[in-house]
Protein chains: 4
Amino acid sequence: MSQRQSKSEEAGSRENERRRTILRAAIDVFARKGYHGCRIADVAREAGVAYGLVYHYFKNKDELLETVVETGWSGFVSRLRAVAEDESSSLEQKVHGIAEVAFEAYRVDPRAVKVLILEVARSPAGTQVVSRQQAFLDTIRMSAEMFSRAQAAGELRADADPMLCASLLFGAIEMGLTAFVSGLVEDRSPEALERAKVQIANSFLHGVLPGATTSSEVSWKQEKASSGTRPKAGKRS
Amino acid sequence: MSQRQSKSEEAGSRENERRRTILRAAIDVFARKGYHGCRIADVAREAGVAYGLVYHYFKNKDELLETVVETGWSGFVSRLRAVAEDESSSLEQKVHGIAEVAFEAYRVDPRAVKVLILEVARSPAGTQVVSRQQAFLDTIRMSAEMFSRAQAAGELRADADPMLCASLLFGAIEMGLTAFVSGLVEDRSPEALERAKVQIANSFLHGVLPGATTSSEVSWKQEKASSGTRPKAGKRS
Amino acid sequence: MSQRQSKSEEAGSRENERRRTILRAAIDVFARKGYHGCRIADVAREAGVAYGLVYHYFKNKDELLETVVETGWSGFVSRLRAVAEDESSSLEQKVHGIAEVAFEAYRVDPRAVKVLILEVARSPAGTQVVSRQQAFLDTIRMSAEMFSRAQAAGELRADADPMLCASLLFGAIEMGLTAFVSGLVEDRSPEALERAKVQIANSFLHGVLPGATTSSEVSWKQEKASSGTRPKAGKRS
Amino acid sequence: MSQRQSKSEEAGSRENERRRTILRAAIDVFARKGYHGCRIADVAREAGVAYGLVYHYFKNKDELLETVVETGWSGFVSRLRAVAEDESSSLEQKVHGIAEVAFEAYRVDPRAVKVLILEVARSPAGTQVVSRQQAFLDTIRMSAEMFSRAQAAGELRADADPMLCASLLFGAIEMGLTAFVSGLVEDRSPEALERAKVQIANSFLHGVLPGATTSSEVSWKQEKASSGTRPKAGKRS
DNA sequence: AATGAATGAGTCTTCATTCAT
DNA sequence: TATGAATGAAGACTCATTCAT
């Protein structure tokens with residue numbers, strides 16, 4: 001009995017392993033060449049499996065990318081949601097938290113992030129199944145709601161458009177990551193990444209002009225000190 | 001003589017007209033379907049010319065995109081450069097100016113902007129001729145230098161990385177535009193566009209938190225008043 | 001000892017059973033989708049066995065069809081031969097007998113007949129192993145000989161070509177069955193089938209024109225009366 | 001003007017010529033290997049054109065076959081209809097006429113007939129677009145109506161099923177032709193063909209038994225005499 | 001014997017690019 | 001210049017067959 005069980009277990013895990021191997025390879029090739037530039041043959045070669053096996057695990061090229069996206073995206077989104085909907089934290093904390101989630105994702109798997117950025121965030125409207133594009137837009141909408149609530153609570157300028165705030169924040173994060181992805185920034189050390197993360201959140205919150213707010217200056221510095229952990233709220237008087 | 005001249009002139013202008021027709025069509029189709037999703041046949045049909053004629057004016061599909069980009073980009077970049085390197089204006093003015101240039105481009109030709117955003121800003125590294133990607137990165141580098149100079153002049157927080165500032169600014173602008181391009185924002189009226197432009201510049205400069213700086217509050221309002229024209233400097237004490 | 005024997009016997013019968021299950025499934029799927037339109041996977045699914053097991057029992061797809069054909073065909077042919085070479089019966093009896101054999105086969109297993117008709121009787125010459133096509137042609141040749149002998153005995157018009165007679169008879173029978181197979185005829189009741197069988201034999205023998213021969217008219221009616229059993233000779237004066 | 005006209009005319013004819021060349025090649029290859037056995041590459045090679053050109057003229061493989069069928073079939077059907085619905089001729093004449101039409105088609109283009117027989121008449125139901133199968137069945141239905149009318153006029157045995165009569169006639173014709181197509185009959189001379197045609201019609205009408213009808217005997221002989229021309233009515237007393 | 005994952009050759013189809021007119 | 005037919009390389013997808021367990 002245990003034999004049988006272990007057999008099916010092994011089979012299951014081996015199958016999953018294969019599947020993951022192919023998914024992994026797909027992520028890498030997509031990241032390197034983009035969806036259109038990558039051929040199934042590349043993925044198969046990268047994964048070290050036969051051509052046809054890709055089709056054993058995925059219906060077609062499109063489903064492969066779809067899966068790549070879903071896999072990477074769903075975790076990201078749920079983590080994001082946890083941050084955005086945490087009732088106990090301030091807007092500042094949330095913004096820092098969002099940056100943290102994004103940069104953490106990049107730290108863990110830069111290539112996957114690259115795929116998400118390149119193939120999901122932007123791409124011609126008609127091209128893809130709704131879901132992909134939608135996934136990204138939904139994320140922005142979710143954040144927009146976060147900003148709406150913050151505005152109602154007086155934590156956000158009254159004259160700021162929440163939807164636009166969400167767009168700007170993600171735009172800044174994304175381009176900040178792009179700066180790393182694209183090699184615009186040479187120093188890709190963990191420290192540089194950490195600094196970038198803090199700067200993004202802080203410039204979004206307090207702007208880039210000098211001496212704007214003393215309090216924020218403080219929290220900015222604090223932020224740098226507590227980097228790598230979930231940011232504690234910097235209290236403004 | 002004048003005949004001949006006018007003949008070649010006419011021919012020249014007719015030729016140019018054809019060329020422009022095709023370019024125009026290419027922009028529209030690229031914007032609609034993306035570079036990979038569009039076929040030469042689509043461009044020809046859109047332009048109302050014969051299939052082969054596209055190849056009479058452009059060496060190949062890639063050159064077509066290249067030309068689209070150059071045409072749209074070069075004007076954009078030179079206008080950007082004028083703003084960024086204007087010795088007489090403050091950083092605040094420059095940032096507002098950059099947003100203005102970007103939004104003006106969108107106002108004039110949203111589809112062209114869409115192509116630039118989708119096909120130029122992001123796309124797998126190896127895919128394209130250096131120039132395209134490079135063009136975008138160069139723009140960011142130019143802006144980074146602007147931020148460097150401003151930092152030296154004390155106009156920018158000392159602890160902000162100029163390159164990152166440039167990335168964030170363009171990221172915010174781009175995603176702001178994307179919000180319009182992608183239909184995330186319903187209200188695409190000139191006023192909404194104008195408001196978005198101001199908000200982007202101001203949140204970049206002063207952050208989104210409420211009551212941050214009185215002075216910026218003032219310039220924010222001023223900005224709204226002078227919208228649509230090249231921004232005059234909002235003086236900070 | 002008996003244990004061992006029964007073991008291998010059981011195994012043998014179980015094996016045979018499996019084999020037959022697969023063969024049965026193959027017939028059904030071939031009948032439904034045709035040889036080319038069906039995949040091994042279809043056969044396996046229909047049989048409720050694992051993919052690879054089909055290859056345990058049959059060398060390849062072609063052998064599968066070959067076996068289907070042989071199995072169905074050999075019985076058919078030997079029954080046909082028995083009728084055609086029965087020295088004691090008249091040509092009329094033989095023709096009725098042939099129709100009976102064909103329709104009986106259809107009654108017993110219409111799907112198998114469909115496969116034989118679709119995949120064996122007609123199919124491009126070069127496509128298949130000789131045997132399949134050959135099998136069908138041999139049957140016609142055998143019947144042609146029957147007609148030859150009948151002609152020598154004065155039972156067949158002197159100016160009729162025996163080979164052509166055989167072709168016509170089988171063509172009529174086959175298309176008659178096709179009318180049922182293809183749904184051209186709605187009424188597929190046993191009675192309708194019986195009537196069709198008689199009509200085929202009789203029109204082949206006496207033609208379709210009215211009042212041709214009194215005697216045949218008689219035998220025609222008699223035929224209808226004795227339908228369902230091996231036809232007794234209709235006496236010609 | 002005439003230049004232009006001739007130009008487009010030439011182009012039209014050249015285009016049509018190409019199209020026809022490919023169609024011709026398709027017929028030949030289909031006839032040789034059948035639909036499934038033939039590759040687009042074969043057709044292109046046979047036609048002496050580039051691979052892709054086939055797709056310039058035909059949407060895909062299926063449309064190619066569809067066109068082959070339509071082209072060959074429509075003419076056949078209309079000729080058949082003319083015979084079947086000719087109010088002035090007797091059933092005998094009509095049957096002979098139908099055989100004549102079929103054999104004439106074979107004489108003109110045996111390969112096309114082979115394709116029609118192999119790919120249209122029989123093939124699994126689900127496989128093809130309705131039209132193909134339907135085309136054949138419609139032809140039989142049309143003939144069935146002819147037999148119905150004849151029966152009402154007393155020209156057909158009262159106890160014969162018209163639909164079955166139609167099936168039998170076409171079955172006999174088709175298998176008769178198959179005997180030639182498949183090489184079952186060695187003598188493929190025009191005379192042999194002619195004889196076969198007459199025998200088919202006559203055995204269908206009067207049966208194969210000897211001495212059945214004096215009158216028919218006469219018409220049978222007459223038939224042979226007038227072979228090659230549209231059969232004149234053999235009067236029955 | 002039984003399973004179903006793995007393999008890869010064979011085809012269709014697309015589409016950028018060339019070429020004859 | 002203008003046209004659109006002609007070319008053929010590239011790549012997605014299928015499925016018969018093999019193989020390890």
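A charge is taken to sit over a ring if NZ of Lys or CZ of Arg is within 6 Å of the ring centre and within 35 degrees of the ring normal. In this predicted model, Lys61(B) meets that description, lying over the face of Tyr35(B) at 4.6 Å from the ring centre. In chain C, the charged end of Lys61(C) is likewise placed over the ring of Tyr35(C), 4.6 Å from its centre.

The fold of chain A comprises 10 helices and zero strands, which gives the pattern α-α-α-α-α-α-α-α-α-α along the sequence. Among contacts in chain A between residues at least 6 apart in sequence, 61% join residues at least 24 apart.

Over all chains, the structure holds 19 aromatic pairs. One of them joins Phe30(A) and Tyr35(A), whose ring centres are 5.7 Å apart and whose planes meet at 45 degrees, so the pair is classed as tilted. Phe30(A) is buried, at 1% relative accessibility, and Tyr35(A) is also buried, at 12%. A further tilted pair is formed by Trp73(C) and Phe76(C), with ring centres 5.4 Å apart and planes at 50 degrees. These two residues are three apart in helix H4 (residues 61-84) of chain C, and therefore about one helical turn separates them. Trp73(C) counts as buried at 8% relative accessibility, as does Phe76(C) at 12%. In chain B, ring pairs link Trp73(B) and Phe76(B) with Phe136(B) into a cluster.

How values were computed. Residues are numbered from 1 along each chain as its sequence is written. Chains are lettered from A and ligands numbered from 1 in the order in which they are written. This is a predicted model: local features need pLDDT of at least 70, side-chain atom pairs count only at pLDDT 80 or more; totals for chains, interfaces and linings use all residues. Side-chain values use heavy atoms; hydrogens and water are left out. Helices (H or I, at least four residues) and strands (E, at least two) are DSSP runs, numbered from the N terminus. Contact means heavy atoms within 4.5 Å. Rings of Phe, Tyr and Trp (its six-membered ring) pair if their centres lie within 6.5 Å; planes under 30 degrees apart count as stacked, over 60 as edge-to-face and the rest as tilted. Buried means under 20% relative accessible area, exposed over 50%, partly exposed in between (1.4 Å probe, protein chains only).
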